[in-house]
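Here is a friendly note to read alongside the structure. Please take a look at the model first, then follow the points below.

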Amino acid sequence: MRFGPMEWFAGSTLQARLRGLGVLAGQVAQQARQVADDEHRSALDREAAARHSIESASAGDALIRQAMIDAARTAAPTIDEAVRQLAPGLASLAPEAPAWRSPESVGGRTAEWVRVGHFALPGERALPVIAPLLGTSGWSVIADQAGSAHRLLSSVAVRLLAAAQPWLVRIDTYDPQLTGAMGVLRSVSSEHPDLLPRPVRAPADLRTAVDGLIDVSAARAARLAETGFATFGAMMAAQGWNLDPYRVLLILDYPAGIDEAMQQDLLRLARTGAGRGITFLVGCDTTVTPERGVDPYELIDLLSPVEIRGDAISLNWLPDVPVRIDADLDAATTAGIAESIIGLATRAELPVAPFENTLPGPTPWWQPVDDELRTVVGLDDRDQVELRLRTGNPALPHVLIGGAVGQGKSNLLLVLIHGLAARYAPSDLEMQLLDFKHGLEFSALGPGRDREFWLPHARVLGVHSDRTFGLAVLRHVTEEMTRRSDQFKQRGVTDLSDYPPEPDRPPRILLVLDEFQVMLEDDDDIAEEAARLLERLARLGRAYGVHLVLATQTLDGMSRLATRRGSIFGQVPIRIALKTTSADSQAILREGNRAAGLLRFRGQAVLNQNFGDPDDNRQILVTFADKPKLAELRRQLFAKAGPAVRPPRIFHVGEPARLLDLAAAPQPAAGAGVAAWAGMPIAVTEQPVTIDVRPEPGAGVVVLGDGPADAWGVLSGLAVSSALAEAGRRPEFVIMDAVAGDPELDQHRQALINVLTGLGCGVEVVQGPAKIIDAIFELRTRLREGRVNQPSHLLAYGLHAVPRMAVQLPGAFVSPKDALQEIVREGPASGLITFGWWNRLPVATSQLSYTRADVSAAVFLRHPQDGVRSVCGPRARWGSEPYRALVWDGINPEPIQVVPFAPLTSADADHLVRRWAAS
Ligand SMILES: Nc1ncnc2c1ncn2[C@@H]1O[C@H](COP(=O)(O)OP(=O)(O)OP(=O)(O)O)[C@@H](O)[C@H]1O
């Protein structure tokens, strides 16, 4: 045992002090030289002056004292400068300095050197004494009074945290004797336990902390070997941004509570800590009897000794310099500093790594695809990090991305999508992009009102998709896989990467499902089929060039997924986890891999390309994609793709379909008749759902349910498609509008009239109940007399608003509804087809005596389910969602859900007429 009297305190002579001052100036200047080369020369000059003063002093105390004062004065600027370089700001300022009360002083720069105390001669300004700490194995502090070591250690901890940029120093404390020495920073521990964990008291808790540090040490050793940096500090300095803090282990009252096994681990850490950014601060208690097998000096000898006696401190790197202990920081000041540390840590963000800096220049855009798709997604501590989507050897086909709300998932998806789009041509890579929750991010990728360009690779854009559409996309891609399987057989290849780069080689498909778990959430048929298809795509997609990107905010508590985890995620080797909970870190990476739970910043991620094996974790900073710059990139890619590039099929759960988006002309039905557009299917196709309208009994369509504007939308689809299909025969339309007078609805009607007349149709408009009744009789007369044009259409809008439809005319045994029924029933044989809207089935039934023989097709808007069932059958389900309609044509066994067309506006009408008149 070497604890005992500290003989090196036995009084210093003035000469020794003078010598020490020279050493101090020399050593500090030496360190400063490494930091600031331009200070080198002047530091040397001042040092030489100091030495000269010392050497020229002749014997005699007074002279020596004077020499020493001169030396201190001369050396002071050197020391000040060196201190500014090595331990700037709060790392070295005296406790009385006003900067301690200014929040701006906190977080200036992470300092490897820290103030230990000060040095002063009588009547002279005190000089700070600093010593290297971070980047060394650390200090052992031995004091003659119990409290001194604690006070010094706690002030060093405050200085470290206060000077450091947020999150770049973390201090773990072991306080086995419950001294509460770190109590001054308790509020920091409460708010940010990852920055300053609460001091632990039990050996088991120290064990957890030490195990964590051993992992950190091993990971850093591997990283240093990989990057070639000599030390953690050099690596930090070179990378310009940082994800990993210096780690400090503060042990109070050592060796209390340290057993032999712990001691061995501490020794291992201390031996290697200096280069790996792991530092010890050990306060020794010489009254503690070490446990068996523990020799405290084994650890102490690995650290720099700091000895305190009374108010004097001695450091063995500054022998003979009489360092004095500083006054304590007052409690109010420390509390203010703690608040500032908390505020800074809470607001901390990483620097931004711009996405555009990782793009290839435009010349090599669209490289040929060989056996993989590659793009940069971020930076690690040294390099750009590429994501590689490979079909084989090693197979890295699919990606799972997770991260809590607001941690940068959408940004990462945009980086991935645009990075690939800049590198591969649309003929080699097409994208199907679905977002089940937010929508907005992907909507920018399609064409817009003021945006005549889109991402040329996007074939499908599910903007705020719903589960039914998601399922349709999964089916579509699965069918494409089957088609490719036949094609591959004919070509004698088994894998897309073996397919020769010829024009018939199919493109790779990137299928991005953001918030994919939404599809699997409910316990219903959609979830069941979606899970089955996802499993199949994950398993077989690779060979056919299908790459799944599954993104999610949380998988926690997804019971359906629990049973499918292995079969889906077992095929997804690439995992990227942004900051999230420990539970989700494990759900995304792998059971036991909590690394993403320890991430601190938005944009920071764990990239793992080996099914989440913790040994393959790689911390990255995801590049940040600025939205306007992405739009500009899309504009350029669109221009490069040329005029042939088709717009993507866009699906939006919160929007109706638009007649404007329909590029395709209607296909005439087999034989005579028209395939009238009833709405857009919830499927990956640009062809609308049609109702076969032939000039025979039962032709005609009733639109039923609430929504006067929606009704104009559906009637417009039916009318416009009929007009287009019959354009050569100049069809005529009679529009009876019983609810005219609402400006908005009138605008929709007028827009429809504009389109119909623009297409060369005759249009007659009747408004108001009284005129409508007259017009009904008039039309019946024309029908009976064979005077209706062939083809003709009655658009009956809102006849539920016409009173007295059942009242017989005076002197005649006929009511308006009888006449209407005759038109609807007998009209088709003479080429007069009725498309009409009633707000409820019972009114329509009472006016039309609606039977299947009279009108075979119905389109339901918002309508009670019992009415729907009475038409479509008892098993029909109808939830009356916005922007959904249910089409029943009596031919398909099941009614079909569609997205109805929006009613027309005058701007739409001009566009449509221009487009169709030209074709
Ligand atoms: N890699 C990054 N670098 C810098 N800032 C980023 C990065 N990623 C995201 N951000 C910032 O974080 C904010 C949230 O990002 P983003 O919208 O991508 O998160 P998210 O996880 O998709 O959020 P949520 O899904 O909850 O809407 C963005 O406004 C962006 O400014």
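1. A word on terms before we start: domain bounds here come from an automatic or database domain assignment. For this chain, which is a predicted model, the assignment gives domain 1 as 85–347, domain 2 as 396–651 and domain 3 as 688–917.

2. Let us begin with domain 1 and domain 2. Taken over C-alpha atoms, their centres are separated by 45 Å. How many residues of domain 1 are in contact with domain 2? There are 4, and they meet 6 residues of domain 2.

3. Next, the area of that interface. The size of an interface is often given as the accessible area lost when the parts come together. Domain 1 and domain 2 bury about 620 Å² between them, and 63% of this lies on carbon and sulfur atoms.

4. Which residues form a salt bridge here? D194 pairs with R600, and their closest N and O atoms are 3.4 Å apart. The count of salt bridges across the interface of domain 1 and domain 2 is 1. Polar contacts between domain 1 and domain 2 likewise come to 1 residue pair, counted with both residues at pLDDT 80 or more. On the side of domain 1 that touches domain 2, the residues divide into 3 nonpolar and 1 charged, with no polar ones.

5. Now please turn to the ligand. It is surrounded by 16 residues, and the closest are G406, S410, N411, R602 and V622.

6. Some of the surroundings can be described atom by atom. An oxygen atom of the ligand lies 2.8 Å from a polar backbone atom of N411, and an oxygen atom of the ligand is 3.1 Å from a polar backbone atom of Q407. How much of the ligand does the protein bury? Taken alone, the ligand exposes 620 Å², of which the protein buries 76%.

Terms used: Residues numbered from 1 in each chain as written. Predicted model: local features only at pLDDT ≥ 70, side-chain atom pairs only at ≥ 80, totals over all residues. Heavy atoms only, no water. Contact = heavy atoms within 4.5 Å. Buried area = accessible area lost by both parts, 1.4 Å probe. Salt bridge = Lys/Arg side-chain N within 4 Å of Asp/Glu carboxyl O. Polar contact = N/O pair within 3.5 Å; in protein donor to acceptor, adjacent residues only side chain to side chain. Nonpolar A, V, L, I, M, F, W, Y, C, P; charged D, E, K, R; others polar. Near = heavy atom within 4 Å. Areas by Shrake-Rupley, 256 points an atom, 1.4 Å probe, with all protein chains shown as cover.
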